[in-house]
2 protein chains.
Amino acid sequence: MKNVIVGQSGGPTSVINSSLLGVYKTALDRGADKVYGMVHGIKGLLDRDVVDLSIRLTNAVDMDLLKRTPSSFLGSCRYKLPDIKGNEETYDKIFAILNELEIYAFFYIGGNDSMDTIMRLTDYAKKIKSPIKFMGVPKTIDNDLAITDHTPGFGSAAKYIAATTKEIIRDGLVYDYPVVSVIEVMGRNAGWLTAATALAKGEDCEGVDLIYLPEVTFDPDKFISDVGKLLKEDRSVVIAVSEGVKIADGRYVCELADHVDYVDAFGHKQLAGTARYLAGKVAEKFGVKTRAIELSSLQRCASHIQARVDVTEAYNVGGAAVKAAFEGLSGQVITLKRVSDDPYMCVTEPADVHLIANIEKKVPLEWISEDGTNVKPQLVHYIFPLIQAEIAPLWVEGLPRHIRLHAKSTIKK
Amino acid sequence: MKNVIVGQSGGPTSVINSSLLGVYKTALDRGADKVYGMVHGIKGLLDRDVVDLSIRLTNAVDMDLLKRTPSSFLGSCRYKLPDIKGNEETYDKIFAILNELEIYAFFYIGGNDSMDTIMRLTDYAKKIKSPIKFMGVPKTIDNDLAITDHTPGFGSAAKYIAATTKEIIRDGLVYDYPVVSVIEVMGRNAGWLTAATALAKGEDCEGVDLIYLPEVTFDPDKFISDVGKLLKEDRSVVIAVSEGVKIADGRYVCELADHVDYVDAFGHKQLAGTARYLAGKVAEKFGVKTRAIELSSLQRCASHIQARVDVTEAYNVGGAAVKAAFEGLSGQVITLKRVSDDPYMCVTEPADVHLIANIEKKVPLEWISEDGTNVKPQLVHYIFPLIQAEIAPLWVEGLPRHIRLHAKSTIKK
């Protein structure tokens with residue numbers, strides 16, 4: 001009996017279900033009896049909310065839809081496992097459920113916080129000498145995981161952001177008077193996604209004029225002066241700004257405005273309003289028309305624009321996690337290693353979860369222009385291969401078709 | 001010598017350039033010598049800023065790119081012609097330029113305000129007995145033009161909105177705790193675009209829970225109670241709201257929040273912040289996590305999701321305008337007449353511009369549910385055929401390729 005279980009955690013991406021499919025199909029191909037899914041991640045597992053994936057994924061169409069369905073098919077959670085010390089009860093409960101299900105290997109698809117879950121479970125398994133394998137499957141649009149060249153989910157989000165930025169630029173430059181458009185992009189501490197706006201520039205597009213990443217301290221006065229210089233040329237201006245930009249005293253720019261803050265279970269502040277605040281400042285100072293455009297959750301769930309490179313890699317890290325576990329590895333995260341830039345090639349490689357969990361990879365400062373208002377060509381070259389190629393939605397009656405987890409086959413007693 | 005001139009005006013759409021192509025190709029096919037483009041509409045014409053379109057549109061690839069390029073290729077303006085009486089000078093100037101260019105027919109692609117331009121020019125032509133033909137080519141994502149079954153631009157925007165709503169719903173329902181997502185959709189006085197969110201509902205999607213159109217007075221207390229009822233089921237809620245919803249005293253909901261208003265040249269207030277305001281109220285009242293998602297300018301320039309029906313019709317109204325003008329008609333707008341629902345078929349039909357200019361077509365109240373929180377099936381059936389079929393972007397290096405108006409061949413002296 002070789003059963004496996006897989007869960008999804010953290011914020012959705014548009015290819016997170018491709019990784020789920022990679023785990024599912026590879027596990028079956030390699031002889032797993034059952035592939036269980038945790039409904040709402042580890043939190044669902046603790047509630048014994050588990051499904052047999054074969055009940056819902058019955059044919060090739062289901063699987064092709066799964067690849068194209070955004071957000072976590074199994075549901076997600078933002079539950080962080082407590083310290084092992086003093087909370088052995090929680091861990092014992094998890095392992096009891098896993099043993100009951102005769103689980104051989106446990107896969108968790110997620111970002112930084114989810115890799116923390118894998119690390120703790122690995123550590124506890126070692127402590128109690130459980131043979132269960134624990135493997136992390138990386139996923140995050142933020143691209144902020146250590147060691148891996150990039151994370152699945154980033155390429156598609158970057159492709160969506162660059163494509164949308166091109167459209168916003170066309171829209172913003174349409175009038176014969178200056179309009180200042182400020183695009184707000186996700187990325188609390190890492191500017192990878194905001195940097196993707198730089199890819200809009202090309203033969204057919206003027207590109208964005210200013211790009212502000214959270215890696216560089218944001219200077220509101222310099223910002224106004226940067227915009228003022230461009231407006232002197234009597235033209236429209238398009239600006240990309242990370243939601244996470246901070247001023248010198250450590251406050252987020254969006255905190256300068258008055259709005260409701262929300263803090264999630266991991267202690268992360270919900271950020272929003274940066275573009276609105278900056279657009280307001282520009283309007284106030286220069287009396288020009290401004291637009292604040294938040295890409296909001298659209299950028300992480302826009303599976304109608306997926307990069308085929310990303311979909312394939314997302315699948316591959318899922319598959320490679322199963323392969324590694326079935327070969328006896330545990331406590332590993334499957335990373336992507338870029339072996340060639342031209343032609344672009346990436347291979348998967350397991351890495352110790354302790355080297356990845358809770359570490360944030362930011363944009364290297366040497367990839368950001370000296371004055372902090374743009375990115376350097378190296379960064380564009382790094383992102384470029386990750387947004388390549390397309391996978392068309394399955395259009396049904398005019399809309400992209402998805403698949404939902406209907407049937408629940410829980411082990412609740 | 002049979003020259004024609006074409007301009008684009010008002011807010012962009014993702015298919016406005018398909019209409020431009022329809023005018024351009026049909027005019028050439030029917031023997032026009034030159035097809036001039038006004039750069040930034042009538043305002044550009046007054047500045048003698050005119051291009052010969054054949055200089056930029058040289059081959060079939062250019063034309064295929066034009067169809068897929070969002071926003072007005074020729075640039076736009078929001079310039080409203082003054083009353084004829086007392087401003088004959090402006091009109092004389094326009095006709096002098098048109099005569100100098102030996103213009104046979106004048107085409108203007110736009111919405112309500114642009115049809116006003118066609119109406120005034122028609123009236124003045126009649127007054128001075130000019131033989132120049134003036135034709136309106138309808139365009140607006142808002143779908144608020146009278147007489148025509150619908151407007152080119154609406155179908156693609158509706159398709160984008162419905163597709164994006166599906167993705168937001170998948171994203172919003174991912175967690176195991178309630179999240180209230182409020183999607184803000186364009187539409188100052190007419191709820192057509194907001195109604196398009198209803199198309200998200202289907203076999204694979206729960207659909208939005210509440211839809212608020214500007215045709216119905218918005219009751220903030222009832223809104224809170226509507227949301228409260230849904231939250232009692234302990235689940236996530238997705239709400240679509242028009243930017244133009246107003247409370248009983250006539251104020252826009254977004255005016256209840258504090259933000260900078262902007263009034264455009266036509267006296268229209270810039271609306272934004274409705275979703276943010278309502279999400280804030282929900283968070284305050286119920287202490288749940290909320291998200292405010294403004295589809296902002298994305299919904300009008302997202303040419304990476306075009307409805308093929310819409311692209312074709314946009315082309316056809318442009319072509320039909322040329323045909324009508326070359327047959328001697330003037331002062332007409334090309335409307336779409338639905339001759340069959342199943343199978344869906346529309347034909348073009350010229351209509352007197354005086355019956356269209358400055359009139360707003362709203363959603364009929366009988367297509368809105370009695371309690372004002374949803375739309376009726378008739379409205380979904382009306383929109384459904386308009387979002388059908390796809391036209392794929394021309395993907396180049398991972399991004400949809402567009403075409404820009406580079407070369408300027410002005411007649412400035």
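First, the ground rules. The model is predicted, so local features need pLDDT of at least 70 and side-chain atom pairs count only at pLDDT 80 or more, while totals for chains, interfaces and linings use all residues. Residues are numbered from 1 along each chain as its sequence is written, chains are lettered from A and ligands numbered from 1 in the order in which they are written, and side-chain values use heavy atoms, with hydrogens and water left out.

Start with the interface. Contact here means heavy atoms within 4.5 Å. How much area do chain A and chain B bury between them? About 5700 Å², with 55% of it on carbon and sulfur atoms. Buried area is the accessible area, taken with a 1.4 Å probe, that two parts lose on being put together, summed over both.

The rule finds 10 salt bridges across the interface of chain A and chain B. A salt bridge is a side-chain nitrogen of Lys or Arg within 4 Å of a carboxyl oxygen of Asp or Glu. A:Lys43 forms one with B:Asp176, and the closest N and O atoms are 2.9 Å apart. Between chain A and chain B there are also 37 residue pairs in polar contact, both at pLDDT 80 or more. A polar contact is a pair of N or O atoms within 3.5 Å; within protein, one must be able to donate a hydrogen and the other to accept it, and residues adjacent in sequence count only if both atoms are side-chain atoms.

Next, the core. The largest nonpolar core has 86 residues, and those with the most contacts inside it are A:Ile383 and B:Ile383. Such a core is a set of buried Ala, Val, Leu, Ile, Met, Phe, Trp, Tyr and Cys residues joined through side-chain atoms within 4.5 Å. Beyond neighbours within four places in sequence, A:Ile383 is in contact with residues including A:Phe154, A:Trp192 and A:Leu199.

On to the backbone. A cis peptide bond joins A:Asp342 and A:Pro343, with omega about 5 degrees. A:Pro343 lies in the loop between β10 (332-341) and β11 (344-352) of chain A. In chain B, a cis peptide bond joins B:Asp342 and B:Pro343, again with omega about 5 degrees.

A:Ile147 has phi near 70 degrees, a positive value in a residue other than glycine. A:Ile147 sits in the loop between β5 (133-138) and α7 of chain A. Buried or exposed? A:Ile147 is partly exposed, at 47% relative accessible area. The scale: buried is under 20%, exposed is over 50%, partly exposed is in between (1.4 Å probe, protein chains only).

Last, B:Gln299, in helix α11 (residues 298-301) of chain B. B:Gln299 is buried, at 2% relative accessibility. Its side chain reaches the backbone nitrogen of B:Met186 at 3.0 Å. A polar atom of that side chain also lies 2.8 Å from the backbone oxygen of B:Ser296.

Methods: Helices (H or I, at least four residues) and strands (E, at least two) are DSSP runs, numbered from the N terminus.
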